[in-house]
Amino acid sequence: MRFADRMGRVGPSAIRDLLRHGADPELISFGGGYPDPALFPAGELHGVYAELLSGDPAALQYCPSDGLPELREHVAARMRRDGMDCTAGDVLIIQGAQQGLDLAGKLMLNPGDTVVTENPTFLGALIAFNPFEPAYAPVRTDEDGMDMADLERVLSRSPRAKLLYTVPDFQNPTGITMSTPRRRRLIELANEHDLLVLEDTPYRELRYDGDSLPTLKSLDTEGRVVHLGSFSKILAPGMRLGWAVADPEVLDRLALLKLAADTQCSTLNMAAAARYLDRHDIDAHITAARAGYRAKRDLILEVLQKTFPDTVAFTTPRGGLFTWLTFPAGFDTAEFMRDVAVPRARVAYVPGATFFPTTPEHNHARFNFSGMSDDDIVAGITRLSTYLNW
Ligand code: PMP
C-alpha cells in the first residue's frame, strides 16, 4: 500500500511490547502507568450515569464541539483556583491530554520543524508528534527539571524550534518537578524565541509533599502557553476527558482541529463529569487518592533504599506515579529485563531508552508504583534486587 511518508515515523512502541507480559500471572509489572482502579469513584459515577440516562436524553445528543458548557465552567473555576486567569471560553474539552498533544502537533509542526523537549520526555508525546515529522531538540534535565542554560544553548542552535513540550509537575518518566525560577526563565526564553509552550500537567494534583508551584500558564505574558490538564488521574481515565486552556488565537484553531478529528468528546461522559463535580467533592476524592499514592511512593522508595545496591540511583518524586532509576554506566536495562528480570525475577518495568527523543541512554528504567498492591511492590523490588548482586 502506498502509505503517506509520515507513516515512516509511526511504529510499534516499547510499551506495546511490554503489555505482552501481562498474561503471566507470576509477573509483577512496574511497567504500567495506570492509576489505582480501587480509587475510582465508581459508586458515585454509577449514580450520575444512571440519572443522566433515566431522564432527559440530552446527554445522548450531539453538543458543541468545544465541550459541554457546564463542564467548561467547572474546569475554568478549577483553573482560576490554580492561579490562571481563565473563563469557560478559554477552555477546550478534549479526549484526555493525549489529544491535546496530537492537536498541538497538527497546529504547529511542518516536517522538519523542531520540538524542544525534556531529556528524557513522555513517550506518548513523541508518538503524538512523530506523524508530523519533526526534529527533536532534547534539553538536559536535572532534579529541578529542564536546565535553562542548556535550553538557551539548544535554542540558539535550533532556528526551526517552534514548539516546546514540557511536563513540569512530576514528569513522566522521571517524577521530577521544574523549579519556579526555571519556570519563569522558560517563559522569558519562549518569548525571546517565539515558541509555543505546551504545558502537560496530568499529575499536577497528585502532589504528596511540598507546595504547589505556579503553572507556566499563570506566568505566561504573551499568550504562548497551552496548558493541558486531564481527568484521567483524578477521576477515571476511561472517561477520556481532559482540557486545554489557551488564548483565543490558539484555542480557536485547536477547536477547529478537534471538530475535524472527532466532532466532540462524548456528551454522556462530559455530562457525567460535570454532574459528578456538581454533586460530589472531587477535592476530597483527590485528597484520598493522594494519601493512597503517597503511601505507595514511600513504600517503593523504602524498599529500593533497603534492597538495591547504592550504585543504583532513583528519583524521589514529590508527586505523580513514577520513579526513575539510573543504573551504572554500561548496564542495559532492556537487555537485563529480557534476560533476567522477566524470565528469572518475574519482574517487568519500562526500560528507559525509549524516552529519549534522539540519543537513547540504556542504563535507566521507569518504575510505576500506583497501580499495584503493597505486597507486589515489596515482592517485586526485593526479587529484582537479588539479581543485582554486583
Ligand atoms: N501526558 C503525560 C505526561 C502522561 O503521562 C499521560 C498519560 N499517562 C498523558 C499525557 C495522557 O493522558 P490522558 O490522555 O489520559 O489524559
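**Figure 1. Asp142, a buried residue in a predicted model.** Asp142 has a relative accessibility of 17%. Buried means under 20%, so Asp142 counts as buried. The model shown here is predicted. Asp142 belongs to strand β4. That strand covers residues 135-142.

**Figure 2. The surroundings of Asp142.** Which residues does Asp142 touch, leaving aside those up to four places away in sequence? They are Ile176 and Arg182.

**Figure 3. The fold as a whole.** The protein contains 13 helices and 14 strands. Its radius of gyration is 21 Å, close to the 21 Å that the globule rule gives for 390 residues, so the protein is as compact as a globular protein of that length. The C-alpha trace spans about 60 × 55 × 50 Å along the principal axes. Take the contacts with a separation of 6 or more: 74% of them join residues 24 or more positions apart.

**Figure 4. Interior and surface of the protein.** How many of the 390 residues count as buried? The share is 55%, and Asp142 is one of the buried residues. The protein exposes about 16,900 Å². Carbon and sulfur atoms supply 52% of that area.

**Figure 5. Charged side chains of the protein.** There are 40 positive side chains and 52 negative ones. The centres of the two sets lie 3 Å apart.

Conventions. Residues are numbered from 1 along each chain as its sequence is written. This is a predicted model: local features need pLDDT of at least 70, side-chain atom pairs count only at pLDDT 80 or more; totals for chains, interfaces and linings use all residues. Side-chain values use heavy atoms; hydrogens and water are left out. Helices (H or I, at least four residues) and strands (E, at least two) are DSSP runs, numbered from the N terminus. The radius of gyration is taken over C-alpha atoms; the globule rule is 2.2 Å times the number of residues to the power 0.38. Buried means under 20% relative accessible area, exposed over 50%, partly exposed in between (1.4 Å probe, protein chains only). Contact means heavy atoms within 4.5 Å. Accessible areas come from the Shrake-Rupley method with a 1.4 Å probe; for residues, only the protein chains shown count as cover. Lys and Arg count as positive and Asp and Glu as negative; His and the chain ends are not counted. The place of a charge is taken as NZ of Lys, CZ of Arg, CG of Asp or CD of Glu.
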